[in-house]
Amino acid sequence: GSPRGRGAAAATMKSVPRGLAARSAHKWAEATASAVPQRLRPARTLSRGGGLVSSLSLHHNNLRLRLLSGKAGNRFEAPRAGAGDEARSTEQVLPIFPLSIVALPFSNVPLHIFEARYRVLFSTLLYGEEGIEEGLANSESEFAGSKTFGMCYVDKEGNISSVGGVLEIGEHKLLDDGRLYISTSCSKRFTVTTVVQEQPVLICNVEYLEDDLQVDEDPELQKLAGEVVDVFEKALALGMSLEGSELKEPPKPEQLTLPPTELSYWLASLFPQDPQEQQLMLQIDTTKERLMRLKEIFDATYNYHLARNSIKSALSDE
């Protein structure tokens, strides 16, 4: 099958923000799930990082998913860093793994690889390591032993986003039946400039977009990050009280003290039930713009809970 239709089914995964232990992440998800309005919750319970807050009025006219046409040789207009922009770009050729989730910088992404062509790809990426199917690895490939690949979000219609995350392979485990369990971490963003090959796996020229972490020292950006955290905590506390949570106060994860850039990506990771919103945040060029969008989301959520609280109070007075 094509990389469009089948890429999303090639693996199962959970995306967990870096530094969030499995046990504490699970508790965090349980503690915050009640803050989400019932009609906005994901259809199924997410074991990690999910169930916090949902998008209320998110898809602005000036924000659209950037998609590939899927035709080899096509050239795409890549966003280039200008004077004063935070992102710096470099070009590279990468194999692309399409999946129905979004890989955000600073997150860990465990993968379960079972489709034959992707077993070949990941065996090649892991060439030279112990515990791989050497018969599948292509030692002549330019990607042999690189342990690096790109992941792009693919929607239910098979549309592949042209902005994705660069993943570095960490540990891996080969099962008796040839399936692979792989741990990866997302190091940076990229945008596709040219589709080089579609089959058997998607290969593209990409332009790396590296966040300039020096902007985290900007007092104005730090102030904005603090405002985002404040409204996030207010929305969470009010939502939990409306749902009758037994907790006396909402949890305060240590990630809320992260530097602005990493904080923006961590907060974006709390929307696994809305991967298109995560993808839009991944496409935003600057930390400031990403934080402003998050603030808008949490403000809308807080106002929603205020309205609920007003209605609840009015009904109880009757």
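Select phenylalanine 106 to begin, in the loop between β3 (88-99) and β4 (107-113), where helices (H or I, at least four residues) and strands (E, at least two) are DSSP runs numbered from the N terminus. Its phi is near 75°, a positive value in a residue other than glycine. Most residues other than glycine have a negative phi, and most peptide bonds are trans. The model is a predicted one, in which local features need pLDDT of at least 70 and side-chain atom pairs count only at pLDDT 80 or more, while totals for chains, interfaces and linings use all residues. Residues are numbered from 1 along each chain as its sequence is written, and side-chain values use heavy atoms, with hydrogens and water left out.

Which residues is proline 105 in contact with, leaving aside its neighbours within four places in sequence? They are Cys186, Lys188, Arg189, Tyr265 and Leu282, contact being defined as heavy atoms within 4.5 Å. A C-alpha to C-alpha distance drawn from proline 105 to serine 187 comes to 5.3 Å, although the two are 82 residues apart in sequence.

Glycine 165 is the next selection, in strand β6 (residues 160-174). Glycine 165 has 0% relative accessibility and so counts as buried. Setting aside its neighbours within four places in sequence, glycine 165 is in contact with Ala103, Phe149, Gly150, Met151, Cys186, Lys188, Arg189, Phe190 and Leu282. For glycine 165 and methionine 151, which lie 14 residues apart along the chain, the C-alpha atoms are separated by 5.4 Å.

Now show the loop between α3 (116-125) and β5 (148-154), where lysine 147 is placed. Lysine 147 has a positive phi of about 60° although it is not a glycine, and at 24% relative accessibility lysine 147 counts as partly exposed. Leucine 126 is found in the loop between α3 and β5 as well, but leucine 126 is buried, with a relative accessible area of 0%. Leaving aside its neighbours within four places in sequence, leucine 126 is in contact with Ile132, Lys147, Ile169, His172 and Ile182. Threonine 148 is 22 residues from leucine 126 in sequence, and their C-alpha atoms are 9.2 Å apart in space.

Select helix α4 (residues 219-242) together with helix α5 (residues 260-268), which pack at an angle of about 30° with their axes 10 Å apart; the axes are lines fitted to C-alpha atoms, for helices over the stretch in contact, and angles run from 0 to 180 degrees between N-to-C directions. The helices α4 and α5 are therefore roughly parallel to each other, since angles under 35 degrees count as roughly parallel, over 145 as roughly antiparallel, 65 to 115 as roughly perpendicular and the rest as oblique. Display the side chains that make the contact: Leu221, Gln222, Ala225, Val228, Val229 and Phe232 from α4, and Pro260, Leu263 and Leu267 from α5. These residues divide into 8 nonpolar, 1 polar and no charged, with Ala, Val, Leu, Ile, Met, Phe, Trp, Tyr, Cys and Pro counted as nonpolar, Asp, Glu, Lys and Arg as charged, and the others, Gly among them, as polar.

Stay with α5 and ask how many of its residues are buried. The count is 9 of the 9, so α5 is largely enclosed by the rest of the structure; the buried residues include Thr261, Glu262, Tyr265 and Trp266. Then select helix α6 (residues 275-283), where 8 of the 9 residues are buried, so that α6 too is largely enclosed by the rest of the structure. The buried residues of α6 are Pro275, Glu277, Gln278, Gln279, Leu280, Met281, Leu282 and Gln283.

Finally, zoom out to the whole protein, which has 7 helices and 8 strands. Buried residues make up 49% of its 318 residues. Among contacts with a separation of 6 or more, 71% are accounted for by residues 24 or more positions apart.

Definitions and conventions
Buried means under 20% relative accessible area, exposed over 50%, partly exposed in between (1.4 Å probe, protein chains only).
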